[in-house]
Amino acid sequence: MTPIDQKDFYDYLAAALEKNGMSDFARNETLSQALYALTCRMLEVNEYMNLTTIKKPHDIIMRHYVDSLTVAAHIPEGASVLDIGCGAGFPCLPLALARPDLRITAIDSTEKKVRYVNETAAMLGIFPDTLTAIAMRAEEGGSVGGQLREKFNIVVSRAVAHLSILGELALPCLKIGGTLIALKGAKAAEEMNDAKGLGVLGASPARLIPTPLTAPDTGESDSHALVMMDKCEKTPKIYPRKYAQIVKKPL
Ligand code: SAM
């Protein structure tokens with residue numbers, strides 16, 4: 001593995017966070033050091049475990065860290081947060097480092113990714129109260145009597161499923177008054193249009209918050225948006241359905 005130039009990493013990270021409206025994070029030295037350590041760890045483990053296809057430090061900063069941290073401004077102090085399908089820890093790891101006030105539960109159906117996230121969190125000094133990952137399928141944890149059902153103020157999720165599917169996995173896990181924040185790309189508006197049936201789960205209509213990711217050196221922006229839905233009423237007990245049904249007949 002090629003060593004990562006530490007000064008270049010810190011300079012680019014600070015510039016990227018600043019450019020994307022996250023000046024508080026840009027000035028947080030503890031956060032920068034932890035994200036550098038996370039980058040080294042992820043690339044090292046990536047040599048023998050499939051964690052990420054993004055390997056250049058500047059790309060990791062933009063496409064994993066700045067991207068993950070776009071949700072931070074929308075999460076109230078001390079909130080309970082569920083990250084569905086956390087994979088290699090996005091957005092949960094950067095979020096836990098930047099917002100230690102949160103109580104984040106991260107789930108993934110793949111056990112070895114969950115082990116990696118917990119071990120990495122411990123290595124970075126993140127307390128289990130701030131972030132704990134569990135091997136679990138969202139539709140099982142979110143079913144009536146499940147460990148995740150109506151337990152969270154916020155659900156976040158990136159690159160797991162189309163909004164019409166993700167909504168059925170996520171909305172049952174929210175308390176009334178809670179919010180789903182889906183991190184989406186260029187097709188965010190189209191997905192919202194296809195997911196109008198999610199109202200039956202007790203959710204408000206979705207709203208789109210464009211959060212283009214602008215590289216500090218080139219000034220070029222990647223299309224990126226947050227899709228947010230509030231939980232207004234209890235989810236009927238029949239949801240979430242079995243995964244095969246959710247995918248076969250999305251709401
Ligand atoms: N969120 C991470 C990111 O953005 O880098 C990982 C995205 S990866 C493409 C999708 C992840 O979702 C996989 O790790 C997969 O195991 C997990 N996943 C898919 N469906 C799931 C479900 N129903 N419940 C829990 N995890 C799920």
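Colleague: How many helices and strands does the secondary structure of the protein come to?

Modeller: In this predicted model, the protein has 10 helices and nine strands.

Colleague: Why is the protein called as compact as a globular protein of its length?

Modeller: The radius of gyration is 18 Å, and the globule rule gives 18 Å for 251 residues. The two values are close, so the protein counts as compact in that sense. Along its principal axes, the C-alpha trace spans about 55 × 35 × 35 Å.

Colleague: What share of the residues is buried?

Modeller: Buried residues make up 54% of the 251. The cut-off for that word is under 20% relative accessible area. As for contacts with a separation of 6 or more, 71% of them join residues 24 or more positions apart.

Colleague: How do you know what span is expected of helix α3?

Modeller: Helix α3 covers residues 29-45, which is 17 residues, and the expectation at 1.5 Å a residue is 24 Å.

Colleague: Which residues of α3 are buried, and what do they pack against?

Modeller: Among them are L31, L35, L38, M42 and V45. The buried residues of α3 pack against α1 (6-19), α2 (23-26), α4 (57-69), α5 (92-98) and α6 (111-123).

Colleague: What makes E150 buried or exposed?

Modeller: The relative accessibility of E150 is 18%. Buried means under 20%, so E150 counts as buried. E150 sits in the loop between α7 (138-141) and β4 (152-158). Its phi is near 50 degrees, a positive value in a residue other than glycine.

Colleague: And why is A159 called buried or exposed?

Modeller: A159 has a relative accessible area of 74%. Exposed means over 50%, so A159 is exposed. A159 is placed in the loop between β4 and α8 (163-170), and has a positive phi of about 60 degrees although it is not a glycine.

Colleague: Where is the peptide bond from F90 to P91 found, and is it cis or trans?

Modeller: The bond from F90 to P91 is cis, with omega near 5 degrees. P91 belongs to the loop between β1 (80-84) and α5.

Colleague: What is omega for the bond from Y239 to P240?

Modeller: Omega there is near -5 degrees, and the bond is cis. P240 lies in the loop between β9 (225-230) and α10 (243-248).

Conventions
Residues numbered from 1 in each chain as written. Predicted model: local features only at pLDDT ≥ 70, side-chain atom pairs only at ≥ 80, totals over all residues. Heavy atoms only, no water. Helix = DSSP H or I, 4+ residues; strand = E, 2+ residues; numbered from the N terminus. Rg over C-alpha atoms; globule rule 2.2 N^0.38 Å. Buried < 20%, exposed > 50% of the residue type's maximum accessible area, 1.4 Å probe, protein only. Contact = heavy atoms within 4.5 Å. Expected span 1.5 Å × (residues − 1).
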